[in-house]
Amino acid sequence: MISQLLGAGFNIVFDYILIMIFHMGMYGAALATIGGQCLSAIWQLRFLFGKKTIITLDKELLKLKLRYALDIMKTGIPAFLMQMSNSVLNIILNSTLLKYGGDVALSAIGIVTSVQTLILMPITGLIQGQQPLVSYNYGAKEMNRVKETIRYAAVGGTIISVIGFMAVHFFTRNIVCMFNNEPEVVALCCNALKIWFLLLPVDGCQIVCANYFQAIGRIRISSVLNLLRQIIILIPCILLLSQLFGLYGIFYAVPIADGTAFVMTVVLFLNVIRKDTHLVKV
C-alpha cells in the first residue's frame, strides 16, 4: 500500500514539475511514471530484504520450477485477458466514437472512462484482498468462510458502486468540469455519464462473483466471465446499436452489457457455490 502511494505521489508531483515547469511534454510524463515505478520497487525490495518481513527472499527459492510457473501463468490468464480486452475495447470504442461523434465524443468518453477507473479501482483492491482468503479457505474445505468472505466482498463492492452511481448522478456537471470546461464537451459528457453508469450499482457484485472462479482455480469459467462484459457482449452491442441509434447507441450499449453480464455471472455463481457446499470440512 505504502509503495503504491509513494509511486503515485512521485508520479503526480514530477508530472507537474517536468511538464509544467521544464516543458518536457510526454517525455517528462514518461520519466515521471518510470520514476514512480522504480521508487515503488525500491521500497518493496527494501522491505523484503529487511528484518520486519516474516518471509524473506531466499535465492534458493527463486530458482524457476516449471510446474509452479505454469500454475501461476494459468491463474493469471483471466487477469491477462481482462487487460487485453480493455485494449481491444478501447480500439473499437474510439474508432466508433470518432465515426459517429468526432473529437467531441472522444473527449467526452475520455472523461467517462477516467471516472469509471476511479470508481472501479477500490473494487479491484477489494477483490485482490478477497482472492487469497477465498483460495486458502476453499483449499482447506472451509466453505462457510468462503461464503462469508464472498458475502462481505459483494456487499462492499455494491456499496462502492452505489456511492459512485450517486456521485455521478447528483454531481454530474461538477465532475465533468474537473476535466473539461468546453460547453460542447460538458453537455455531451453529462448525458454520456448518466447513461453509461445506469447499471453501475450491479458492477461491484458482478466483479466479486466473477473473481470467485479465478480464486478457486476454475480458469476457463473465470476467463469467459472476464471477457463476457467487455468483449462478448459490449463490443457487439456497440457495433449494432451505433448503426441503429448513432452516437447514443454506443452509450446505451454499456448498461445493456452490465445488466446481461450481472445476470449471467450471478446465476452461474449461485449454481456453482451451491454445488461446492459439499466441500464443508468435517
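Student: What does phenylalanine 14 count as: buried, partly exposed or exposed?

Tutor: Read its accessibility against the cut-offs: buried means under 20% relative accessible area, exposed over 50%, and partly exposed in between (1.4 Å probe, protein chains only). Phenylalanine 14 has 30%, so it counts as partly exposed. Phenylalanine 10 is partly exposed too, at 24%. This is a predicted model, so local features need pLDDT of at least 70 and side-chain atom pairs pLDDT 80 or more, while totals for chains, interfaces and linings use all residues. Residues are numbered from 1 along each chain as its sequence is written, and side-chain values use heavy atoms, without hydrogens and water.

Student: How many aromatic pairs are there?

Tutor: There are four aromatic pairs. Phenylalanine 10 and phenylalanine 14 form a stacked one, 4.2 Å centre to centre with 20 degrees between the planes. The rule takes rings of Phe, Tyr and Trp (its six-membered ring) with centres within 6.5 Å; planes under 30 degrees apart are stacked, over 60 edge-to-face, the rest tilted.

Student: Where do phenylalanine 10 and phenylalanine 14 lie?

Tutor: Both lie in helix α1, four residues apart, about one turn of the helix. Tyrosine 248 and phenylalanine 251 pair edge-to-face, with 5.2 Å between centres and 75 degrees between planes. Those two sit in helix α9, three residues apart, again about one turn. Helices here are DSSP runs (H or I, at least four residues), numbered from the N terminus.

Student: Which phi value does histidine 23 have?

Tutor: Start with the general idea. Most residues other than glycine have a negative phi. Histidine 23 has a positive phi, near 55 degrees. It lies in the loop between α1 (2-21) and α2 (25-48). Histidine 23 is exposed, at 65%. Lysine 141 also has a positive phi, near 60 degrees. Its place is the loop between α3 (66-139) and α4 (143-170). Lysine 141 is partly exposed, at 45%.

Student: What is threonine 172 in contact with?

Tutor: Contact means heavy atoms within 4.5 Å. Leaving aside neighbours within four places in sequence, threonine 172 touches Ala167, Cys190, Leu193 and Lys194. Threonine 172 belongs to helix α5 (residues 172-179). With a relative accessible area of 6%, threonine 172 is buried. A polar atom of its side chain lies 2.4 Å from the backbone oxygen of valine 168.

Note on methods: A polar contact is a pair of N or O atoms within 3.5 Å; within protein, one must be able to donate a hydrogen and the other to accept it, and residues adjacent in sequence count only if both atoms are side-chain atoms.
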